[in-house]
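Here is a friendly walk through a few local features of one protein model. Please keep the sequence and the 3D view at hand as you read.

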Amino acid sequence: MTHNKLNQNIGRIASVISVLMYVSYLAQIASNLAGQKGNPVQPFVAAVNASLWVAYGWTAPKKDWPIIIANAPGVVLGLVTGITCL
């Protein structure tokens, strides 16, 4: 396997794991809405982090779609999770 192919495979796996990480907030959102409120700090920090990665990918000389797509769910789900914790 070439170095470039290895790098592409690692990037794809990392993108899938990133999306899964943010989708895992759905369980916390459900708990928050059921009255078992969590701490909002981590999801809000995750939303800021994801927002910065989306901005980075968007402002790159050539848009970095894998970074944008992998982190966009983190913006939305991090904010929703944080808000429902309040």
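## Helices and the model

A helix here is a DSSP run of H or I with at least four residues, numbered from the N terminus. Please bear in mind that this is a predicted model.

## Aromatic pairs

Let us begin with the rings. How many aromatic pairs does the structure hold? There are two aromatic pairs. In one of them, the ring centres of W53 and Y56 are 5.5 Å apart and the planes meet at 80°, so this pair is edge-to-face; the cut-off for that label is an angle over 60 degrees. Both W53 and Y56 belong to helix 3, which covers residues 41–59. They sit three residues apart, about one turn of the helix. W53 has a relative accessible area of 37% and is therefore partly exposed. Y56 is also partly exposed, because its relative accessibility is 47%.

W58 and W65 make up an aromatic pair as well, again edge-to-face, with 5.5 Å from centre to centre and 85° between the planes. W58 is partly exposed at a relative accessible area of 46%, and W65 is partly exposed at 42%.

## Two buried residues

Next, have a look at N32, which is part of helix 2 (residues 25–33). Is N32 buried or exposed? Its relative accessible area is 0%, so N32 is buried. The side chain of N32 is joined to that of T84 by a polar contact of 2.9 Å. Leaving aside residues up to four places away in sequence, N32 touches K37, G38, T81, T84 and C85.

G78 is found in helix 4, spanning residues 65–85. With a relative accessible area of 0%, G78 counts as buried. Which residues does G78 touch, not counting those up to four places away in sequence? They are Y25, P43, F44, A47 and P73. A further distance to check in the viewer is the one between the C-alpha atoms of G78 and A50: these residues are 28 apart along the chain, and the two atoms are separated by 8.5 Å.

## A nonpolar surface patch

Finally, turn to the surface. I13, V16, I17 and L20 form a nonpolar patch there, and together they have about 400 Å² of accessible area. One of its members, I13, lies in helix 1 (residues 3–23). I13 counts as exposed because its relative accessibility is 56%, and the cut-off for exposed is over 50%.

How values were computed
Residues are numbered from 1 along each chain as its sequence is written. This is a predicted model: local features need pLDDT of at least 70, side-chain atom pairs count only at pLDDT 80 or more; totals for chains, interfaces and linings use all residues. Side-chain values use heavy atoms; hydrogens and water are left out. Buried means under 20% relative accessible area, exposed over 50%, partly exposed in between (1.4 Å probe, protein chains only). A polar contact is a pair of N or O atoms within 3.5 Å; within protein, one must be able to donate a hydrogen and the other to accept it, and residues adjacent in sequence count only if both atoms are side-chain atoms. Contact means heavy atoms within 4.5 Å. Patches are made of residues with over 30% relative accessible area and no salt bridge: like charges are joined within 9 Å, nonpolar side chains (Val, Leu, Ile, Met, Phe, Trp, Tyr) within 5 Å. Accessible areas come from the Shrake-Rupley method with a 1.4 Å probe; for residues, only the protein chains shown count as cover. A salt bridge is a side-chain nitrogen of Lys or Arg within 4 Å of a carboxyl oxygen of Asp or Glu. Rings of Phe, Tyr and Trp (its six-membered ring) pair if their centres lie within 6.5 Å; planes under 30 degrees apart count as stacked, over 60 as edge-to-face and the rest as tilted.
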